[in-house]
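Below are some notes on the two ligand sites, written for someone opening this structure for the first time. Please read them alongside the model.

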Amino acid sequence: MKKLAVLTSGGDAPGMNAAIRAVVRRGIEQGLDVYGVYNGYEGLLEGHIEQMQLGSVGDIIHRGGTMLRTSRSERFKTEEGQQQGIEQLEKLGIEGLVVIGGDGSFQGAKKLGKKGLPVIGIPGTIDNDIAGTEYSIGFSTAVSTAVEAIDKIRDTAYSHEKTTIVEVMGRGAGDIALWAGLCAGAESILIPETPYHIEDIIERMKRGRERGKMHNIIVVAEGVCKAEEISEEIKKRIQLETRVMVLGYLQRGGNPSVYDRMIGSQMGAKAVDLLIEGQHGCMIAVTSGKVIAKSFEQAEKEKHEIDMSLYQLARSLSI
Ligand code: ADP
Ligand code: F6P
C-alpha cells in the first residue's frame, strides 16, 4: 500500500475531523501518500480528490463538521456511480479507501470492497446506531449539546411553569433522546425502540403537579413522531400550556468532545495500520470500550441495541 484516500459521507458528526487528521498524519508518518476526497461519494465519482500534507489537517482537531465536507449521493447508489468512483481512484493510483460515515455510507463502502477496492469503515454519526460497534464518532458531543440546550429550556420552563416537548435527532435509534433525557432529568422520554403511552406521560405530569411541580420536560426522538403531535395529545387531555422545541441541526455542530477527539484519533490511526497490514473489508468498532477491527460480515450479523436498562433508570428517577 503506497497511496490511500479518506472521505466523509452522510450526516456530518463532530469528531470526524479528528479521524481525518489521524488517517492523514498516521499515513504520512508511515511513508504513504494520503489523499482527501471532498464531498463524500459525490466528490469521489467527480474526482474531487487532492493529496494531503501534514499541514492540510492542521487546526482541525477541535472543529465540528468535516473539513472534507460530505454529501448524500444518489448517483453513487448506482452500479455506474460506484464504477466511476473506482476509476477516479485508479487514475491516481490510490489502492485503499477509508470511509467515515454512517450505516448508509458503509453500504456504499461494502460495494466498493466487492469491486476489489480495499476499504475500511469508520463509524461516524451522531445517532450512534451502527451495527457492530458500541460507539460512533459524534454521539458524545451531540448528547452534550442536546443536554446543554435542554438545561436552558428548563430554566424558562420552570420560570413560566410550562411543559416543553423537546424533539431530538435519531431517525431509527433513540440513543440521543435516552442519554439527553436521562442526563437532563426529563420527566418522560420517547424512543422508537419501545411504544409510549400518552396516559403514562399525563400521569407523571399530574403526580408532579400534586407535589407542586408545574413545569415538565418531555424528550422525543424524531423517529417516534413530531414533538408537535405529542404537544397536541397533551393539550387534548389536560389544561396545560405547552411549548415545542425542535433542536435539529444544532445537535450536529460544535466543537467535538474530548471523547470524540480521542475515539476519532484512535479509529483513524487504526484504519491506516490495518490497510498497511493488508487487512480490509472491515470497520473499526468499539467493543467493551476498546477500539478494534471487525469484518463487515461480522458487523452485519450484529444489531445495534439501545441500553434499555438506562430507559428503566430514567423512568425510575423521574417518578
Ligand atoms: P449515513 O452514512 O449517515 O447513514 P446515508 O444513509 O445518507 O447517511 O448514506 C450516505 C451515502 O452513502 C448515500 O448518500 C449514498 O451515496 C451512499 N449509500 C447509502 N446506501 C447505499 C447503498 N445501499 N449502496 C450504495 N451506496 C449507498
Ligand atoms: O444520520 C444523522 C442524522 O442527524 C439523523 O438523526 C437525521 O434524521 C438526519 O441525519 C438528517 O440529516 P439530513 O437532513 O442531512 O438528511
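1. Basis. This is a predicted model, in which local features need pLDDT of at least 70, side-chain atom pairs count only at pLDDT 80 or more, and totals for chains, interfaces and linings use all residues. Residues are numbered from 1 along each chain as its sequence is written, chains are lettered from A and ligands numbered from 1 in the order in which they are written, and side-chain values use heavy atoms, with hydrogens and water left out.

2. Polar contacts of ligand 2. A polar contact here is a pair of N or O atoms within 3.5 Å. For Arg171, the distance from a polar side-chain atom to a ligand 2 oxygen is 3.0 Å. On its own, ligand 2 has 400 Å² of accessible area (Shrake-Rupley method, 1.4 Å probe), of which the protein covers 79%.

3. Shell of ligand 2. The surrounding residues (a heavy atom within 4 Å) include Arg72, Thr125, Ile126, Met169, Glu222 and Arg252. By class, the shell has 3 nonpolar, 2 polar and 5 charged residues, with Gly counted as polar and Tyr as nonpolar. Domain 1 (3-138 + 256-301) and domain 2 (141-252) each supply at least three residues of this shell; the bounds come from an automatic or database domain assignment.

4. Polar contacts of ligand 1. Here the backbone takes part. A backbone N or O atom of Gly104 lies 3.0 Å from an oxygen atom of ligand 1, and for Asp103 the corresponding distance is 3.3 Å. A polar backbone atom of Gly11 is 3.4 Å from a ligand 1 oxygen. Taken alone, ligand 1 exposes 550 Å², and the protein buries 84% of that.

5. Shell of ligand 1. There are 16 residues around ligand 1, and Arg72, Ser73, Gly102, Ser105 and Lys111 come nearest. They divide into 2 nonpolar, 10 polar and 4 charged. Helix α4 (residues 103-114) gives the largest share, 6 residues; helices are DSSP runs (H or I) of at least four residues, numbered from the N terminus.

Technical notes: Polar contact = N/O pair within 3.5 Å; in protein donor to acceptor, adjacent residues only side chain to side chain. Helix = DSSP H or I, 4+ residues; strand = E, 2+ residues; numbered from the N terminus.
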